[in-house]
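Colleague: I have a few minutes before my next run. Can you put the model up and take me through it?

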Amino acid sequence: MLGILFNDKECKELDYVLRKELDEMLLDLNDSRLDGDIKHAITKRYKVIFRMYARIASPKELSRYALNVRAYK
């Protein structure tokens, strides 16, 4: 396990980057042109990014990105 210390500005930037990445992956998961294998890979990555975001986000913000995995299988 690694630990990193961020100042307030860096924490806000990390929050922004993670939210944008989650938004992009949600758009990709809703794209009907992508096949199941690609969506599965995106879903796996989404879970990792979501766990990272969960460490810094409030429960209210986090609920916006809760993923119904069954909808994307």
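Colleague: What pLDDT does the protein average?

Modeller: The average is 90, and 92% of the residues score at least 70. Among the helices, H1 has the highest mean confidence, at 95, while H3 has the lowest, at 91.

Colleague: Why would I care about low values?

Modeller: Where pLDDT is low, the predicted coordinates should not be read in detail.

Colleague: Fine. How many helices and strands are there?

Modeller: The protein has 3 helices and 0 strands, so the order along the sequence reads α-α-α. Along the principal axes, the C-alpha atoms fill a box of roughly 40 × 25 × 15 Å.

Colleague: And what share of the residues count as buried?

Modeller: 25% of the 73 residues do.

Colleague: Which residues of H2 are buried?

Modeller: Lys39, Ile42, Thr43, Tyr46, Ile49 and Tyr53. These residues sit on the same side of H2, because the arc they cover around the axis is only 135 degrees.

Colleague: What do they pack against?

Modeller: Two helices: H1, residues 8–29, and H3, residues 59–63.

Colleague: Then which exposed residues are on the face turned away from the buried side of H2?

Modeller: That face carries Asp37, His40, Lys44 and Arg51.

Colleague: How far apart are the end C-alpha atoms of H2, and what span should its residues give?

Modeller: The ends are 26 Å apart. H2 runs over residues 36–54, which is 19 residues, and at 1.5 Å a residue the span should be 27 Å, so the two values agree.

Colleague: Changing topic. Where is Gly3 found?

Modeller: Gly3 lies in the segment before H1.

Colleague: Buried or exposed?

Modeller: Exposed, because its relative accessibility is 72% and the cut-off for exposed is over 50%.

Colleague: How far is Gly3 from Glu61?

Modeller: Their C-alpha atoms are separated by 23 Å, and the two residues are 58 apart along the chain.

Colleague: Last one. Of the contacts between residues at least 6 apart in sequence, what share join residues at least 24 apart?

Modeller: In this protein, 56% of those contacts do.

How values were computed: Residues are numbered from 1 along each chain as its sequence is written. This is a predicted model: local features need pLDDT of at least 70, side-chain atom pairs count only at pLDDT 80 or more; totals for chains, interfaces and linings use all residues. Side-chain values use heavy atoms; hydrogens and water are left out. Helices (H or I, at least four residues) and strands (E, at least two) are DSSP runs, numbered from the N terminus. The expected span of a helix is 1.5 Å times one less than its number of residues. Buried means under 20% relative accessible area, exposed over 50%, partly exposed in between (1.4 Å probe, protein chains only). The arc is that of the directions from the helix axis to the C-beta atoms. Contact means heavy atoms within 4.5 Å. pLDDT is the predictor's confidence in each residue, from 0 to 100.
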